[in-house]
Amino acid sequence: MLEFRKDLFAAERDDNLNVVGKGAQRQDMPGHVTGRSPFFDDHAFEGLLHLKVVRSPHHHARIRHIDTSAAERAPGVKRVLRGADVPVNKNTLLSLINFGKDDEPTLAVSKVSYKGEPVVAIIAETEHQALAARALVRVDYEVIPHVFDVEEALKPGAPVVNETYPNNYFDYHDRYDHSKLRFGDVERAFAGADFIVDDRYQMSPIEHAPTETNGSIAAPEQNDRFVVHSCAQGLFFSLGTAAKILNLESNRLHFVGGTVGGGFGGKVDSLTEPLSILGAMMTGQPVRYVLDREEEMLYGSPRGAERIYIKDGIMRDGRIVARRIRSYFDAGAYTRLSSYAAIKCTAHLPGPYTIPNVSADIYVAYTNRCPSTAMRGFGITAVDFALEVHMDKGAEACGMDPMEFRILNAYRDGDMKAHRRVAKNTALIECVQVVADKTGWPLSDQARRQSSLTGGGGARADIPATVLDDNGRIGRPETRTGPVTETLPAGTMRIPMTKQPIMEGSAEARPTPPAVPQYEPYRPTPPANQPAYQPQPYQPTPTAPPPTQAAPPSPPSAPPPASAPPTQHGAVRFSSVFGTRRR
Amino acid sequence: MARHRGRGMASVNYPIGMNLGGDPSQALIHSNPDGKFTVALSAIDLGQGMKQVTRQVAAETLGVPMEDVYVDTADSDTGPHDMGSFASRGTHRMGNAVIAAAREARGVLLEAAAEELEVNAGDLVTDGRGNIHVKGAPSRSITVKATAQAAQFKQGKTIAGRGIFLIPLSTVDPQTGEMNPNTAFAHASLVADVEVDDETGEVTVLKMASAYELGRAINPKMVEQQLVGGAWMGISHALYETPEPYYPDPSHGPRDFNEYLMPGPGDIAPYSITVLERPAPDGPFGGKGPGEMCANPVLPAIANAVYNAVGVRVNDLPITPEKILRGIKANGGARPQPRRGGG
């Protein structure tokens, strides 16, 4: 059941709208409910071939030798692909935004770093033949020690999971083994706090479990192009990734998709597209590569595990005065998107609360398991679980009601956040009040009177003097703890603010830009002499002046031309802003 | 041995779109000669309703009936660049790109109508029913259809528009983490009522109630669909799912839906949702996006409710009967906490 509270924030809203706000039936609903919406696997091709991969049976092993001769001779086999057949056999997904180093092969060559890592691809006339030939591939492995625990992986002497990051952590800013957040002085605040609440949280991996498993069909198109029916969550993201791995100009790829049977973040990685296109290039025939359910479950890249430590300093009156967080993203064997999630998590801390002293160290650790990837709430869901259970403990420690405790500490318009930007457009307090009302959860009059619109800013907008440290310099694990190096004066900001666009429909956007006249409600009028359809004979008007248009407000400026090296194909690369520059 | 009821709550916020910008979306819109509009996108509809949200945003901005707009996703030959459907960015980023494209197309539409009506384009309004008329004078009107006919066959105008929305790239200070992250935040608070069996450790979610602040519910039915589906996923994350039940030990991994634990239809709890709308200054008609956050408050609210019921804090997800029973045993029995009002 869903209801609205239109009375709240009504002054900030223009509700004089025609279509927006209406619960209209979806455009694609008839196709979905009659089973006629075409998904990637609903495309039939003459001579369709099937691709299956041989996966590592070991968590961590060197590859001594691969023998595919028997598989190549097996019935129906058209082609066997190995790492050497992949034009650019090392990639990292976020190279599309120039973030991180290429660390993951499409087909493993000298080493496997997780159980299930693809080593060889078989292309055959039928799925059954591909599976039969897969069993004939002989790979000689030398098993080496593995590591599964994020904190074990970061200890000196742990097995090296990913040679691109030989210390088993992602390098931030070419400088630190973790992403840092520093605001105020947590240690001093802990010393003055009445209560300390300290605990550890762990989220296990989670499978996206989409109804439609990952897959794609690639086929040679006319004029030396390839059409790719894809279930990608980012069509150009996948196109760019495939173009880079296959060393193709992006306009030789024609991606078709857009109707996807569930993704939840698990279809950002382009798990199948590069190999199905490579298969089509090598055989000249359409190639289908679809994960079966077991592959999707075990090797379709899950939501990664996160381990989170939280320490709060709380005063007797319920104010949280300090929060320190240390957390570990389990990336699995390769980076995929974990490096980005850690930055997102850093910006999210300390949650929707105004806390004057905050410190966070967020690590991305490599372990010998299937690489994890984005999933609904990436970088946020696990830490929100930890923070909100911790809030419950904090309320208990100082003897407050959990809702009152949250309202007391909630961020409000005008408050400074730990990443040194002012909060606005906040509404946490109102959400708590509304849910208290509807569940009969008793709130004090004082808590009921609070508002996100008032009480923020002022001293709460100050950036405190902040102690800095040089802990965690890359390559020196013994530096994970160390002395304060300097104190940044109060009010210090180092990063220019980004200009924020303002759109119509919000209070700040008024008056409405002239190019978008207000909706004027329909008033029935006699049709007069205006028939609905007035076919006009075709009258070419070659001498007509060029059409003049109402000048729309200029759209945000496009990014500057990419300065990518000329050998790099795929989508436009933006310049690097965080983490390690690509080599 | 008994069943204990418990109640827990959580409150969260959620950043909309890719952190740190560098996050563009593009849209193209054009009209056919009958005044029917096509929106061409490379955005992905993975069930969340991208096509319908952008359809309503386009119709609203163009000032035409929703039925006269069709959204086409996704073909890389015709749909212009978009980063993708993730990070709760679809409604916000693509919605804004569609507004920009629709504004441009609307500008030409009104110019063409003005030429036919021999008035100033600035004096024209749309009624959302397929007519364009002089403001305050509905009888001086022309249909969108007739306008498109005239533009195509008589005036030689293209009723079309291009739109891009870009949150510019930002950087991060390595020492402090200072940055310009997302610009829009959605909010939620949720109360979960559970029952915990202290003999089996089993948790039953009895009911849930939430308040979500989403900027603008562009299509309330689809908001409901997201929030209900996401809450189910939240229950599942909290109590059932994981491919590594003894993480970091990777053994005992499930291979299919028979082995991968998820709640069934009988485990779905009654759920009451209240929507608040505080428009985001940079959102399409103020819209933010409930796509990802809808599971987030469910997990801690259930964990806190379990504690309220039997006095066991389970800090490791998922909250399995085994973990609850071990906690009850360590505590020397269930320790129900004070009941909370209304539970």
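A residue is termed buried if 20 or more other C-beta atoms lie within 10 Å of its own, exposed if 12 or fewer do, and partly exposed in between, with C-beta atoms placed from the backbone. By this criterion A:Arg420 is buried, because 22 C-beta neighbours are found inside 10 Å. The structure is a predicted model, in which local features need pLDDT of at least 70 and side-chain atom pairs count only at pLDDT 80 or more, while totals for chains, interfaces and linings use all residues. Residues are numbered from 1 along each chain as its sequence is written, and chains are lettered from A and ligands numbered from 1 in the order in which they are written.

The pLDDT is the predictor's confidence in each residue, on a scale from 0 to 100. Chain A has an average pLDDT of 89, and 85% of its residues score at least 70. Residues 530-537 of chain A, in contrast, have a pLDDT below 50, and the model gives this stretch 12 contacts beyond near neighbours in sequence; a contact requires that the C-beta atoms of two residues, placed from the backbone, lie within 7 Å. Over residues 539-567 of chain A the pLDDT also stays under 50, with 37 contacts beyond four places in sequence. Where pLDDT is low, the predicted coordinates should not be read in detail.

Chain B is assigned domain 1 (3-16 + 182-330) and domain 2 (23-167), the bounds coming from an automatic or database domain assignment. The centres of these two domains of chain B, taken over C-alpha atoms, are separated by 38 Å. Their contact involves 17 residues of domain 1 of chain B and 16 residues of domain 2 of chain B. On the side of domain 1 of chain B that touches domain 2 of chain B, eight residues are nonpolar, seven polar and two charged. Here Ala, Val, Leu, Ile, Met, Phe, Trp, Tyr, Cys and Pro count as nonpolar, Asp, Glu, Lys and Arg as charged, and the others, Gly among them, as polar.

Between the chains, 152 residues of chain B are in contact with 151 residues of chain A. Helix 2 (residues 90-117) of chain B contributes the most to the side of chain B that touches chain A, with nine residues. Helices (H or I, at least four residues) and strands (E, at least two) are DSSP runs numbered from the N terminus. That side of chain B comprises 68 nonpolar, 51 polar and 33 charged residues. Strand 9 (residues 195-203) of chain A runs parallel to strand 12 (residues 316-317) of chain B, and two bridges join them; strands pair if DSSP finds at least two bridges between them. Within this pairing, A:Met203 stands opposite B:Leu317. The peptide bond from B:Leu317 to B:Pro318 is cis, with omega near -5°, and B:Pro318 is found in the loop between strand 12 and helix 6 (321-330) of chain B.

A cis peptide bond is also present from A:Leu349 to A:Pro350, with omega near 5°. A:Pro350 is placed in the loop between helix 9 (338-348) and strand 16 (358-366) of chain A. Positive phi values in residues other than glycine are found at A:Arg420, near 70°, and at B:Glu118, about 60°. A:Arg420 belongs to the loop between helix 11 (402-409) and helix 12 (428-439) of chain A. B:Glu118 lies in the loop between helix 2 and strand 5 (124-126) of chain B and is exposed, with 7 other C-beta atoms within 10 Å.
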